[in-house]
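Please look over the sequence and the model shown here before reading on.

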Amino acid sequence: MRSHPQARVMPDVERLVERAESLGAEFAEVRWQRVESTRLVVVDGTLRELNTGVREGFGIRAFVGGAWGFSTLHGGDESAAMRAVEEAVRLASAASKLKSESFKMGGEPSSGTWETRARMDPREVDISQKIDFTMELNDSARAVDQRVKNVNVAYVDTVSEERIANTLGTRVSQEIVRTRAAVQIFAHEAGTTERAFESVGGLGGFEVVQTDKALAMGEEAARRAVDLLSAKSAPAGPFKAILDPKLAGVFIHEAFGHACEADEVLAKMSILEGRIGERVGREIVNVSDDPTLPGLYGSYAFDSEGSRARKKHLVREGVLTSFMHNLETASRMGTVSTGNGRATDYSHPPIVRMSNTFIEPGDWGVEEMFAEVRDGIYAAGSLYGYTDPAKGEFVFKAEGGWRIKNGERVERLREVAITGTILEILHNISAVGRDLQYDPGHCGKFGQWVPVTTGSPHILVERVVFGGMR
Amino acid sequence: MVDLLSVGEDVVRRAASEGAEEAEAFLVTGRRISVEVEKGEVKTARSEILSGIGVRSVVQGKVGFAYATSLSDALDVAVKSVKNALASKPDPHFKGLPEPGRVSPVEGLFDPRVADLDVAEAVEFIGEMVSAASSKAGVVSVGGAMSASSQEVAVVSSRGVSLSEKRTSTSLYAFVAARDGEKSSSGFEVNSGRFLGEINPSWVGSQAGELASTLLEAVRIETGTYPMVIDPLTMRPFIGFLVSAAANGENVMYGRSFLAGKIGQTVASEGVTILDDGTLAGGEGSASFDGEGVPTRRTPIVERGVLRNYIHNTYTAGRMGVESTGNASRSFDSLPGVGSHNVILEAPDLEVSNEDLFDLKRGVLLKLTEDRPNLANGEFSGMVYMGFLIENGEVTTGIREASFGIHLVDLLRGIDAVGREKRAVMGTISPPVRVREVRVAGPS
């Protein structure tokens, strides 16, 4: 590990794991984490927030008789951490009282040390440089058009040092550096207000936000917000549609990714339960989750349980091939962790999460897709999405779009909800573009938010329901 | 126990000695436990010792902020916040920290039974919920969680604010899946509040189970315009959003909200009044003072259909030339934002019996949506996550694959009746509300 001027003595997590084992835990895991972060918020050219902070603490899990105890301690005090270990074992025992069946927590030990190679370590970049960057984004957005009413720029960098140890023998140390910037623009004209959003983010330091794309996102979002001022409400009902890469990426994450999380499957909350090996879409559809892609926002080398990250094919040529696992779901389903056990931070237990999830590129050009649409909708940009995996229905929100008539964009459309069912939607994808693009974001599940990337090329969908107002 | 006020005072003094002209410490300590259920069995029991401190310092009109989770770092945090203020840029709209106000304690914010709740007791509550849910036909899986937390928050400032308060909160929710052959459905219910007595586990379980069970029979409906009854369970994206986001002083001041500049305009049906109330005894969103130590109050947002007020913290109020409404929202790791307390819908003139409320030839009952409106233009397009068809005055069958679209103002103006029974759910208090016309899209 590179020696860093701020390097400190890390707590002895192994000793805490041994203590949990001696108290009767069948499996135990101790994570210590220290997260240093800087956050800047600029609104309409005023620096509203210059915020630096440190979160440090222990997250301790114990497994007894089929149930889990999890205790969190804020701060780095090792003797208090020893008491938190006792608490975790006590909690697990109390929880196991109502448990009718158990299982054995298995898995291979994992060990290693990893450190994000940040070319511009955020701890060594002067705060004035970060302020200048946010101000420049503000200025470039403001300069686009007089109708730009409100410009919001946010910048966040985090440096997370982490130590993970468990009773399988896992010993992992890592330092993860992530940097992200986002711009939200509101444009106003004659009683109408519209907004647009752009963000960049990745594993790495200040260099992540020094790309051409990052420096242009103020202008890009401002142009789109102004453009939306002339948009009409979207129509309601089923339409043939082209989804842009941003929206298609969120769509595959929401509509399909969540149903492939093995904890949802085990909880009988996934419509994909028992469908491995079944056809779930057309042959042109390939979906992957890959945390090993260099530099992406959802990338990592080891997950929060210390398991090594690896690429998974969730759907191959239209056939469901794999679920995503953490140590627990893998133990219960007789397989190995896929390195998808992630936690927001030490105050949450690792659960099954996606990383960088995307539709693999196909061989269509975007213009070729438009030529296929006589009457339909081009939906673009993403606001959010969610899914009901038990029922198999999903919704995602497009920032806006265009009505397509005879292959041409004829009318600008506003924000609209798109809904469908998991088991039908992939069968309705009739073309996949060549232009794979990635977008950073945060995914929430059980109150935990983790950095992810969604990705996709443009896709053509034969039929999808729009929840418009006309 | 740590004396938060004395730590806060030390911190404020330290910031001053580092050169801060004004300084404010926000501190929190407490404890939280929770029990999570999977497939009807307890999966995880959790406990967390909460702690955090955030310090805001002002130097020459420049504001800096720093935080830490460890109270033993409190003085370092003070030093860092001054350093950040020095590195920052002047904010011409920052008019200073708030002066101390007259705080009258709000009753019913702390329940020792919640503060002392043991995991074993929570496990019993969960057990009751699970058995009630499992008894319903078709239920294959019961998920959910119960949590109980107790916090002491303190605000101390160089202006003389020195306040602390203990508050508890607890919740229990159920998320249930049902299956019958190829048909699948889900159901949801929640109880939450400041008192353990507000949690009724068997009611939560049986409501969620019943919902999932009845939604197994669900039809697709035609795209069209329907009257819609909105259940109090899902008022958050409607009236909750209206107050916390659209009438949020910060969103209004920056022109982000469709309600900006609309004071005095009619935004709801004449019989409808919507309030934000931080002083309601025992209210889930109540507090004696807000995140900056400003006393909370009762603020009419919409009065008999007319938009009257926005909600503010000290910064947004100062910039818009009004008084803070005591709506500074806060966590220890960031500057104050603006947030709602208890959002209450009152429409006494529109109250009817449930029989009359559902007296529709053909309509939709919306039980749950997780969507929210567009802040900029007010349009609300979302999924009918859980909903039913109303036919000839009866709730007859579930609906599936449906979405709806309406402008939030059109929705509020279209309210033509409300039920008699109000329900408090996660910060909103409302009866069921009927809206004359909503565009609903089905797959055909």
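Which residue in E22(B) is the bridge partner of Ile344(B)? In this predicted model, the bridge partner of Ile344(B) in E22(B) is Ile429(B). The two strands concerned are E14 (residues 342-346) of chain B and E22 (residues 428-430) of chain B, which pair in the parallel sense over two bridges. Both belong to an open sheet of six strands in chain B, with the order E11-E10-E9-E14-E22-E21 and with mixed pairing. At the edges of this sheet stand strand E11 (306-307) and strand E21 (423-425) of chain B, each with a single partner strand, so one side of each is left without a neighbour in the sheet.

Chain A also has an open sheet of six strands, ordered E11-E10-E9-E14-E21-E20, and its pairing is mixed. Here the edge strands are E11 (319-320) and E20 (437-445) of chain A, each of which pairs on one side only. Strand E10 (residues 312-316) of chain A is joined to E11(A) by two bridges in the antiparallel sense, and Val315(A) has Leu320(A) as its bridge partner in E11(A). Helix H5 (residues 245-257) of chain A packs on this sheet, where it touches strand E9 (287-289), strand E14 (356-359), E20 and strand E21 (448-456) of chain A, and the direction of the helix makes about 125 degrees with that of E21(A).

Another group of strands in chain A is built around strand E1 (residues 27-43), in which 12 of the 17 residues are buried, so this strand is largely enclosed by the rest of the structure. E1(A) runs antiparallel to E2(A), and 17 bridges join the two; within this pairing, Val42(A) stands opposite Leu47(A) of E2(A). The two strands form a hairpin with two residues between them, and Asp44(A) in the turn has a positive phi of about 45 degrees. E1(A) also pairs with strand E5 (residues 148-166) of chain A, in the antiparallel sense and over 15 bridges, with Leu40(A) standing opposite Tyr155(A) of E5(A).

The model also contains packed helices, and two packed helices are described by the angle between their axes and the distance between the axes. The table sets out one pair from each chain.

| Helix pair | Angle | Distance between axes |
|---|---|---|
| H3 (residues 127-142) and H4 (residues 212-228) of chain A | about 35 degrees | 7 Å |
| H4 (residues 119-134) and H5 (residues 201-215) of chain B | about 30 degrees | 7 Å |

In chain B, H4(B) and H5(B) are therefore roughly parallel to each other, and H4(B) passes H5(B) in a right-handed crossing. Among the residues that make this contact are Phe125(B), Met129(B) and Ala133(B) of H4(B), together with Val204(B), Gly205(B) and Ala208(B) of H5(B). Sorted by class, the contact of H4(B) with H5(B) has eight nonpolar, five polar and one charged residues.

In chain A, the crossing of H3(A) and H4(A) is right-handed. The contact is made by Leu137(A), Asn138(A), Ser140(A) and Ala141(A) on the side of H3(A), and by Met217(A), Gly218(A), Glu219(A), Ala221(A) and Ala222(A) on the side of H4(A). By class, this contact of H3(A) with H4(A) has five nonpolar, three polar and one charged residues.

The two chains also meet each other, in a contact that takes 71 residues from chain A and 67 residues from chain B. On the side of chain A that touches chain B, the largest share, 12 residues, comes from strand E2 (residues 46-64) of chain A. The residues of that side of chain A divide into 30 nonpolar, 24 polar and 17 charged.

Is Asp371(B), finally, buried or exposed? Asp371(B) is buried, because 23 other C-beta atoms lie within 10 Å. Asp371(B) is placed in the loop between strand E15 (362-368) and strand E16 (379-383) of chain B. Leaving aside its neighbours within four places in sequence, Asp371(B) is in contact with Val395(A) and Ala417(A) from chain A, and with Pro237(B), Gly382(B) and Met383(B) from chain B. Between Asp371(B) and Ser185(B), which are 186 residues apart in sequence, the distance in space is 19 Å, C-alpha to C-alpha.

Note on methods: Residues numbered from 1 in each chain as written. Chains lettered and ligands numbered in written order. Predicted model: local features only at pLDDT ≥ 70, side-chain atom pairs only at ≥ 80, totals over all residues. Axes fitted to C-alpha atoms, helices over the stretch in contact; angles between N-to-C directions. Helix = DSSP H or I, 4+ residues; strand = E, 2+ residues; numbered from the N terminus. Parallel < 35°, antiparallel > 145°, perpendicular 65-115°, else oblique. Left-handed = near helix turned anticlockwise from the far one by under 90°. Contact = placed C-beta atoms within 7 Å. Nonpolar A, V, L, I, M, F, W, Y, C, P; charged D, E, K, R; others polar. Buried ≥ 20, exposed ≤ 12 C-beta atoms within 10 Å, placed from the backbone. Pairing = 2+ DSSP bridges.
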